[in-house]
Amino acid sequence: MRTIDPGAPTPVPAGEAPSRRIAAGIHDMIAGFRCAGTGRLVKAGVSMTHMHVMWLLQHHGDLAMSRLAELMDVSFSNATGIVDRMAERGLVERVRVPDDRRVVLVRIAARGLEALDEMEAVKQDRLQAILGHLDATQLERVAAALDDLRSAVAAEFGPDFGAGHSHLHEPRTEGRA
C-alpha cells in the first residue's frame, strides 16, 4: 500500500519545463488555500458540497434548480436534497420568480455569505502571511509575474473572463493588520 502525504508538494523534476513547474506550484498553492479556508467550515457543518453550491451561486448569481443540478452534474432530485439541507442550515434560500411563480431560484442566504466571507478571510490572512516572507524585490517580481499571468489568462479566455461575477475580487483587509 502506498502512503500519500497530503502536505507534500506535487513532485516536478527541476529540469522540467517551467510551465509544468508553474502549473504544479499553482496547483499546490490552491490546494493549500482550499484546505486552510474550508477546515473550519467543515467543522461547523458546512460541507464541501455546500461550499461548491455557494461558489456556483456566487459565480453565476441566483440559479434555477434545474440549472444548479446541471452545473453540479447531479440529478434534479439530488440537487433538491442538497438545497433542502442547505436551506435548513440557512446557507441558501429559495425564491419564486414574480413573473412565473412556477420557477424557483436558489440564492445564497446571509449565513452562506458569512461562510464564504469567513473562508475568504482565512485565505487572505494566509496569503498575507506568506507574502510577509518575501522582501520588496521578490514582491515586485511576483507582482510582475502575476500581471503577465493575468494577461495570459485574458488571452486564453478573453478579456471578459470573470466579468459575469456579481461580486468583486477585492482583498479583504477590514479588521486585519
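Tutor: Helices here are DSSP runs of H or I with at least four residues, numbered from the N terminus. On that basis, Asp 147 and Arg 150 both belong to helix H6 (residues 136-157), where they stand three residues apart and are therefore separated by about one helical turn. The model is a predicted one, and in it these two residues form a salt bridge whose closest N and O atoms are 3.5 Å apart. That distance qualifies because the cut-off between a side-chain nitrogen of Lys or Arg and a carboxyl oxygen of Asp or Glu is 4 Å. As to accessibility, Asp 147 is partly exposed at 43%, whereas Arg 150 is exposed, its relative accessible area being 53%.

Another joins Asp 84 to Arg 94, with 2.5 Å between the closest N and O atoms. Here Asp 84 lies in helix H4 (residues 76-88) and Arg 94 in strand S2 (residues 92-97), so the bridge ties together parts that are ten residues apart in sequence. Both partners have intermediate accessibility: Asp 84 is partly exposed, with a relative accessible area of 31%, and Arg 94 is likewise partly exposed, at 36%.

A further salt bridge connects the side chains of Asp 100 and Arg 102, with an N to O distance of 2.8 Å. In this pair, Arg 102 is exposed, its relative accessible area reaching 71%, while Asp 100 counts as partly exposed at 24%.

In general, side chains of opposite charge can pair when their charged atoms come close.

His 50 is located in helix H2 (residues 48-60) and is buried, with 4% relative accessibility. Leaving aside residues up to four places away in sequence, His 50 touches Gly 45, Ile 82, Arg 85, Met 86, Arg 89 and Leu 91. Among these contacts, Ile 82, Arg 85 and Met 86 fall within the range of helix H4 (residues 76-88), the helix that holds Asp 84.

Methods:
Residues are numbered from 1 along each chain as its sequence is written. This is a predicted model: local features need pLDDT of at least 70, side-chain atom pairs count only at pLDDT 80 or more; totals for chains, interfaces and linings use all residues. Side-chain values use heavy atoms; hydrogens and water are left out. Helices (H or I, at least four residues) and strands (E, at least two) are DSSP runs, numbered from the N terminus. Buried means under 20% relative accessible area, exposed over 50%, partly exposed in between (1.4 Å probe, protein chains only). Contact means heavy atoms within 4.5 Å.
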